[in-house]
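Reader: Hi, I'm new to this one and would like a close look at a single part. Please walk me through it slowly.

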Amino acid sequence: MKTVRLSKSKYLSGLQCHKRLWLEIHKPELAPLSPPGQQRIFDQGTRVGELATEEFPDGVLIKADYLNIPEAIEQTKEALDNSVDVIFEGCFVFENVLVRPDIILRNDLGGWNMIEVKSSTSVKEENIHDVAVQTWVLQGYGLKMKRVFLKHINRNCVYPNLSDLFKTEDITEPVNAVLTSVPKKLSEYKSMLDKSEPNVLIGQHCGNPYDCQFVGYCWKDVPEHSIFNIPRLRWTDKEHLIEDNRIGIDDLPAEFPLNENQQKYINSSESQQPIIDWDGIKGELDKLEYPLHFLDFETDSPAIPRFDGLHPYEQFPFQYSCHILDENGSLKHFEYLHKSESDPRQGLVESLTKAIGETGSVIAYNAGFEKGVMNKLAQWCPEYSEQLQSIIERLWDQLVIFRKYYTDYRFKGLNSLKSVLPVIVPSLSYDKLDVSDGIEAQVTWNEMIQIADGDEKKSILIKELKEYCGQDTLVMVKIHREVLIK
Ligand code: SF4
């Protein structure tokens, strides 16, 4: 077989799973295209990388991209020959492994330091291996590597002061500790890649440390109702069952130890019937007071904060939907969607506190999330804190019904709105919507606010966002009316 050139990301794929690396090399067409949220993560990473290099105004960027590696190698060589002190995205190859370190810089000891930039907020084990393989290549190439650093996002930074957006940690010691494992791993990979597809069982590694893009291929034989649907089953237990080829729910040994919730799920699966505690549900419903406000927020949490007082990755709401149900059965709808790049919080909180009066329960699905959003709104907009506190005190969580009193094997062990809905209100579906989950809502919102008012595309995206958030609260109304109090 032709010798395969490996990159840093391929090295890390191999660390996660040999089969993943083998598929990336030999059958890349089995990986689906990246979902829209993935593109946003890449774009965010690019922006973080650009900001991280601002500290070095004299740095030279190797412009040739991954489609033109020979040119990138040539440009890097030129920069080194010209005694450039700081190089961004240099291109180095050693023993057929190619790496492009974010930043390398000459140090006072006549050698080089390396800085790897990450959008995460701490150093993770996978970062150590990431930097180790790069260090190994740079050393092999002939650079005297001295110290290596990870520059990551600093959660304590507060907008508008972005001067401490990054925290730089010296990771030379942990990287040196794994450096000798790099050539061993590479030779393992090379011999594995020369053979046929390795036989690797599915397991926790399929999503750890990264979501593997071949899940659709490797998990295709997992039955619709499987051990992966048993609520909160530990990975060690799942992996023993996988080894014994007991993946279908019907393959679970009769003596397998289960807790009360897990047993309920199995009972529902065996009887093919939901298990519903109507007395428990009635007890929860008795706590409600009309008018009922069904509330849902959409939020964003960018790596680089852009509004006053926000930390990196701190959530802020840009949209809410609220359906209000009166005791006589009449239903009204209120909503707010921020449509420009300005700070959405003040406009949203004004609208929200007007829509939700001083009486009546406020129903949310997973109400801890809505509570967290409103607690923050109360800090950011203290003039509304009393009204927000009153809304928080009236929160009632519809999720509790499906966590405690309503088990159906067709929810597949989950109890999110999107798992419950197709089973209990099949007439409503998210499949027909253009925006169908919270990540897509974030991506769509960020696209929409950058489009000028009056543009047709902006109107389309506004409509899609309103349909999506409005559906979330309408679904809760339907569950309440058609399932819980019918
Ligand atoms: S889905 Fe799992 S088993 Fe398959 S290649 Fe990915 S990590 Fe390996």
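Where is the place of P209?

Author: P209 sits in the loop between α7 (181-193) and α8. (Helices are DSSP H or I runs of at least four residues and strands are E runs of at least two, numbered from the N terminus.) Before going on: this is a predicted model, where local features need pLDDT of at least 70, side-chain atom pairs need 80 or more, and totals for chains, interfaces and linings use all residues. Residues count from 1 along each chain as its sequence is written, and side-chain values use heavy atoms, without hydrogens or water.

The peptide bond running from N208 into P209 is cis, and its omega is near 5 degrees. Most residues other than glycine have a negative phi, and most peptide bonds are trans. There's another cis bond to look at, the one joining Y290 and P291, with omega about -5 degrees. You'll find P291 in the loop between α11 (278-285) and β11 (292-300). And then there's R232, which isn't a glycine but has a positive phi of about 55 degrees. R232 belongs to the loop between α8 and α9 (235-243).

Now, what about α8 itself? Along with α2 (18-26), α8 (215-218) gives two or more residues to the shell around the ligand. That shell (a heavy atom within 4 Å) is made up of C17, K19, R20, H205, C206, C212, F214, V215 and C218.

Zooming out, the protein is split into domain 1 (6-193), domain 2 (204-273) and domain 3 (274-486), with bounds from an automatic or database assignment. Both domain 1 and domain 2 give residues to the shell around the ligand, so the ligand lies between them.

Domain 3 has its own link to domain 1: 20 residues of domain 1 are in contact with 18 residues of domain 3, meaning heavy atoms within 4.5 Å. The C-alpha centres of domain 1 and domain 3 are 40 Å apart.
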